[in-house]
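The sequence and structure come first.

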Amino acid sequence: MQKALIKKISKLLILIFCLQPMSPILAEVITLPGGTTVQCELKETISGTNYYVGQRIRMVVANDVKKNGETVIQGGSDVLAEVVTAVKPKALGKPGEIGIVIKSTTAVDGSTISLSASKVNKGEDKSTMSVVIGLFLCIFALFMTGGDATLQAGSIIDANTVTEYDITT
C-alpha cells in the first residue's frame, strides 16, 4: 500500500516537472500600446501646506486595464507618484499651490509600466482683496494669506503609458 502511494506521488511529481517548462509557452503575451489610458485614484488629500517636494503620495489604479479582453493592469495596483510643487499660501493674499507627477505602476506579470501624467492645483488668490482692504480700511489685511491648494482623496487622474509593453498573462 505504501509503495503504491509512493508510486502515484512519483508519477504526479514527474508530470508536474515535465509540464513546468511549458508554462511560458502556454502563457499569452499581450502588447499594451503606448498612450494607453490608466485611471489613477488619489488615496489621500494632499495640500501645499502639509506636503513637500519629493514626497511620495498614495495612489492606486482605479479600474482594471484590459487589452483583448485580458486584464493587463489590475485595479487597485499601487501607483508611484510624488509631489513636484508644494507652496504654502503667503501674505498679501498669494495662493498656495500643489502639484504631483505620476510615474509608474505594475502589470499583472510584475513588470513596471512607466506612466506620464501631472496635476497642479492652486488655492484661491486673495491678493486684490488683501491690498484693497489693507490700503483703505485696515493695514492688517495685508497679512491675509491666500487659499491653500489641495487635491482631494478620491480624485481620478488619467495617466498614459509612456511606451509599448509586452505583458505575459
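## Fold and pairing

The protein chain contains 3 helices and 12 strands; helices (H or I, at least four residues) and strands (E, at least two) are DSSP runs, numbered from the N terminus. The model is predicted: local features need pLDDT of at least 70 and side-chain atom pairs count only at pLDDT 80 or more, while totals for chains, interfaces and linings use all residues. Residues are numbered from 1 along each chain as its sequence is written, and side-chain values use heavy atoms, with hydrogens and water left out.

A closed barrel of 6 strands runs β2-β4-β7-β8-β9-β11, with antiparallel pairing. From one strand to the next the twist averages 35°, with axes as lines fitted to C-alpha atoms and angles running from 0 to 180 degrees between N-to-C directions. Two strands pair if DSSP finds at least two bridges between them.

| Pair | Bridges | A bridge partner pair |
|---|---|---|
| β1 (residues 29-32) and β12 (residues 165-168) | 4 bridges | Ile30 and Ile167 |
| β8 (residues 97-106) and β9 (residues 112-122) | 9 bridges | Thr106 and Thr112 |

In β1, Ile30 and Leu32 form the covered face, whereas Val29 and Thr31 form the uncovered one.

## Surface and core

Of the 169 residues of the protein chain, 30% count as buried, that is, under 20% relative accessible area with a 1.4 Å probe, protein chains only. The accessible surface comes to about 10300 Å², of which 57% belongs to carbon and sulfur atoms; areas come from the Shrake-Rupley method with a 1.4 Å probe.

Contact means heavy atoms within 4.5 Å. Among contacts between residues at least 6 apart in sequence, 66% join residues at least 24 apart.

The largest nonpolar core has 29 residues, and those with the most contacts inside it include Cys40, Met59, Ile100 and Ile102. Such a core is a set of buried Ala, Val, Leu, Ile, Met, Phe, Trp, Tyr and Cys residues joined through side-chain atoms within 4.5 Å. Leaving aside neighbours within four places in sequence, Met59 is in contact with residues including Cys40, Ile100, Ile102 and Ile157.

## Glu82

Glu82 lies in strand β7 (residues 78-87). Glu82 counts as buried because its relative accessibility is 18%. Its side chain is joined to that of Lys103 by a polar contact of 3.4 Å; the term denotes a pair of N or O atoms within 3.5 Å, where, within protein, one must be able to donate a hydrogen and the other to accept it, and residues adjacent in sequence count only if both atoms are side-chain atoms. Leaving aside neighbours within four places in sequence, the contacts of Glu82 include Arg56, Ile57, Ile100 and Lys103.

Terms used:
Buried < 20%, exposed > 50% of the residue type's maximum accessible area, 1.4 Å probe, protein only.
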